[in-house]
Amino acid sequence: MTRAARLFGLATVAMAPLLAVGCNSYHYYDVKIQVDQSSLPLDKAGYLQLCQVKVSGADNDLITLPTSGGPGTTVAACPFGSNFPVLGTFEYATFADSGKLTFTFAGYDGQPLMDSYHCASGSVEFTASTTITQMMTLMVTGGPNDCMSTHQ
Amino acid sequence: MPPDQTGTLGGFFGAPATTPLGKAPLGRRASTVRRVGAPFALLCALLGVLVATPWSSARAAQDTEEPQSAKTETDVAPQAEDTDRPHDKSLLAPKPADAAVAQKAQADDAAFYSKWQFWAIAGGIVVGAVAAIWGGATLYHSLNGGDVRPCNKAFLGCYGQGEPGQ
């Protein structure tokens, strides 16, 4: 074996851990949450106390939308304020670049979180790809229960 | 044991004693050794007497040679006691080459850590190691996606990989 070949082999062995990690790149999914006023008017949506978004498919996560602005922001989200019918937009970063990525919204009119308090729902599905940023709108409708004030 | 009919020593149970190859009878071979062995032993004894005798010519001649240094001791004086100084004083004056040689010798005797080459190599190794560690960490971070992009202030929030709280 020549010296150059030996050096190349050593360098390959040294770089193996880095090569094993592989290359990752971020992909961003911007989700705009908007309320369907026909199924969830303001007099009902105003009872929402907590909003969660479950991420499933190519990645898995559970996001609790902030009640007084998210990390690094001062935007109020849930409960609604002046942001009706557009709750706002959040961004989700993932390395996933294939498969389906589903965001499922669930709004609750009381705590602790129980199925009986679940009164707003909706979902949107992205096709994960090498595209850096994708944006879609998640429409929120009323159900499966009626939003009411008795749970507060 | 009585001799057998052939005049040699008999073998076991009267069989003729022969060599392993079966050529010469052992009795004839023993007599041949006896004939040659006696003169050979006599010759060895004679040589031994010649070598052992002090006045023998076979001994090395007596070493009567005196050491040469004793003979030349008065002829050659040690260099330190050499009083034969050159008349030309410039020959005794130190030359630039002498100073250079002395300086070189002094430099060779200096400790390794007092040489600039040592610190140059050590510094190179340290800088190289730091650069390799920093470069490796940066490369590793880049291969893992690097830094996530800053969150838009107008968003409700940013979540997922690389985001705070994940």
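What follows is a chat about the two chains, their elements and a few residues.

Me: What kind of model is it, and how are things numbered?
Reply: This is a predicted model, where local features need pLDDT of at least 70, side-chain atom pairs count only at pLDDT 80 or more, and totals for chains, interfaces and linings use all residues. Residues are numbered from 1 along each chain as its sequence is written, chains are lettered from A and ligands numbered from 1 in the order in which they are written, and side-chain values use heavy atoms, with hydrogens and water left out.

Me: How many helices and strands are in chain A?
Reply: Chain A has two helices and seven strands. Helices (H or I, at least four residues) and strands (E, at least two) are DSSP runs, numbered from the N terminus. Along the sequence of chain A the order is α-β-α-β-β-β-β-β-β.

Me: And chain B?
Reply: Chain B has four helices and one strand, in the order α-α-α-α-β from the N terminus.

Me: How much of each chain is buried?
Reply: In chain A, 40% of the 152 residues are buried. In chain B, buried residues make up 11% of the 166. Buried means under 20% relative accessible area, exposed over 50%, and partly exposed in between (1.4 Å probe, protein chains only).

Me: What about contacts between residues 24 or more positions apart?
Reply: Counting contacts with a separation of 6 or more, such pairs make up 69% in chain A and 0% in chain B. A contact means heavy atoms within 4.5 Å.

Me: Back to chain A. Which strands does β2(A) pair with?
Reply: Strand β2 (residues 50-57) of chain A pairs with strand β5 (residues 100-108) of chain A in the antiparallel sense, over eight bridges. β2(A) also pairs with strand β3 (residues 61-64) of chain A, again antiparallel, over four bridges. Two strands pair if DSSP finds at least two bridges between them.

Me: Which residues face each other there?
Reply: A:G57 has A:L101 in β5(A) as its bridge partner, and A:K54 stands opposite A:L62 in β3(A).

Me: How many residues lie between β2(A) and β3(A)?
Reply: Three; the two strands form a hairpin.

Me: Is A:V31 buried or exposed?
Reply: A:V31 is buried, because its relative accessible area is 0%. A:V31 lies in strand β1 (residues 27-35) of chain A.

Me: What does A:V31 touch?
Reply: Leaving out residues up to four places away in sequence, A:V31 touches A:G88, A:T89, A:F90, A:F103, A:V124, A:F126, A:M136 and A:L138. The C-alpha atoms of A:V31 and A:Y92 are 7.8 Å apart, although the two residues are 61 residues apart along the chain.

Me: Now chain B. What span should helix α4 of chain B have?
Reply: Helix α4 (residues 116-143) of chain B has 28 residues, so at 1.5 Å a residue it should span 40 Å, and its end C-alpha atoms are 39 Å apart, which agrees. The expected span is 1.5 Å times one less than the number of residues.

Me: Where is B:F118, and is it buried or partly exposed?
Reply: B:F118 is found in helix α4 of chain B. B:F118 counts as partly exposed because its relative accessible area is 30%.
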